[in-house]
Amino acid sequence: MTAEKESRIHSAQEAEPWLTPAQQREWRGLVALLMTLPAALDAQLKRDGGVNSFEYQLLAALGEAPDHRIVLSDLALLAQGSLSRISHAVTRLERAGWVERGSCSVPGARRTEARLTEAGLAKLEELAPGHAREARRLVVDRLTPEQLAALGEAARTIARACAEDGPPECREKIVDC
């Protein structure tokens, strides 16, 4: 973001802290989306596979990783979750036999990594089609290609703004998504 644009945004925020009726309408639409879409996706994943959305995202991240392994701190960055939340979710996935923890050495440190098991890969392959159908049903097929592109760009812009105060690794992941 340019310094001029940041200054303009900051000036507008100071001059008018309240939303206009049109802005309020759009804001409430966004809040409604944020409240209903995650719950709908979560319900589908729980119904079809016994996992929640966060656990599915962890399985998906591990499924895409080289050798299906990711250091837990990196997994936390990818999933935008705390190490504590990652640890609890990985424990649940371990109990199901879908993930294993192990030690790994990285330059200057020993860390714990999560590894997707064969059963975990099979579970991910079982869940992915239903999740894709639900994403299509709720979002992709409801929008024109132009609306979908605008939604994606708007979402990335907002996510970058939210990550501005976070660690650089988070900002990089959001820019890349």
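Helices and strands here are DSSP runs, helices (H or I) of at least four residues and strands (E) of at least two, numbered from the N terminus. The model shown in these views is a predicted one.

**Figure 1. Helices α2 and α6 pack against each other.**
Two packed helices are described by the angle between their axes and the distance between the axes. Here, helix α2 covers residues 21-49 and helix α6 covers residues 118-138; the angle is about 145 degrees, and the axes lie 10 Å apart. The crossing of α2 past α6 is right-handed.

**Figure 2. A closer look at the residues where α2 meets α6.**
From α2, look for Leu37, Ala40, Leu41, Gln44, Leu45, Asp48 and Gly49. Their partners in α6 are Lys123, Glu126, Leu127, Gly130, His131, Glu134, Ala135 and Leu138. What kinds of residues make up this contact of α2 with α6? Seven are nonpolar, four are polar and four are charged.

**Figure 3. Thr117 sits in the loop between β3 and α6.**
Is Thr117 buried or exposed? Its relative accessibility is 10%, and buried means under 20%, so Thr117 counts as buried. Leaving aside residues up to four places away in sequence, Thr117 touches Gly97, Trp98, Val99 and Glu100.

**Figure 4. Asp67 and His68 lie in the loop between α3 and β1.**
Helix α3 spans 53-64 and strand β1 spans 69-71, with Asp67 in the loop between them. His68 is found in the loop between α3 and β1 too. Asp67 is not a glycine, yet it has a positive phi of about 60 degrees. For His68, also not a glycine, phi is positive at about 55 degrees. How accessible is Asp67? Asp67 has a relative accessible area of 63%, and exposed means over 50%, so this residue is exposed. His68, at 26% relative accessibility, counts as partly exposed, because that term covers values between the buried limit of 20% and the exposed limit of 50%.

**Figure 5. Cys104 is buried, while Cys162 is exposed.**
Cys104 has a relative accessible area of 13%, which is under the 20% cut-off, and therefore it is buried. Cys162 has a relative accessibility of 63%, which is over the 50% cut-off, so it counts as exposed. How many disulfides are there? With a disulfide taken as a pair of cysteine sulfur atoms within 2.5 Å, the count comes to zero.

Notes. Residues numbered from 1 in each chain as written. Predicted model: local features only at pLDDT ≥ 70, side-chain atom pairs only at ≥ 80, totals over all residues. Heavy atoms only, no water. Axes fitted to C-alpha atoms, helices over the stretch in contact; angles between N-to-C directions. Left-handed = near helix turned anticlockwise from the far one by under 90°. Contact = heavy atoms within 4.5 Å. Nonpolar A, V, L, I, M, F, W, Y, C, P; charged D, E, K, R; others polar. Buried < 20%, exposed > 50% of the residue type's maximum accessible area, 1.4 Å probe, protein only.
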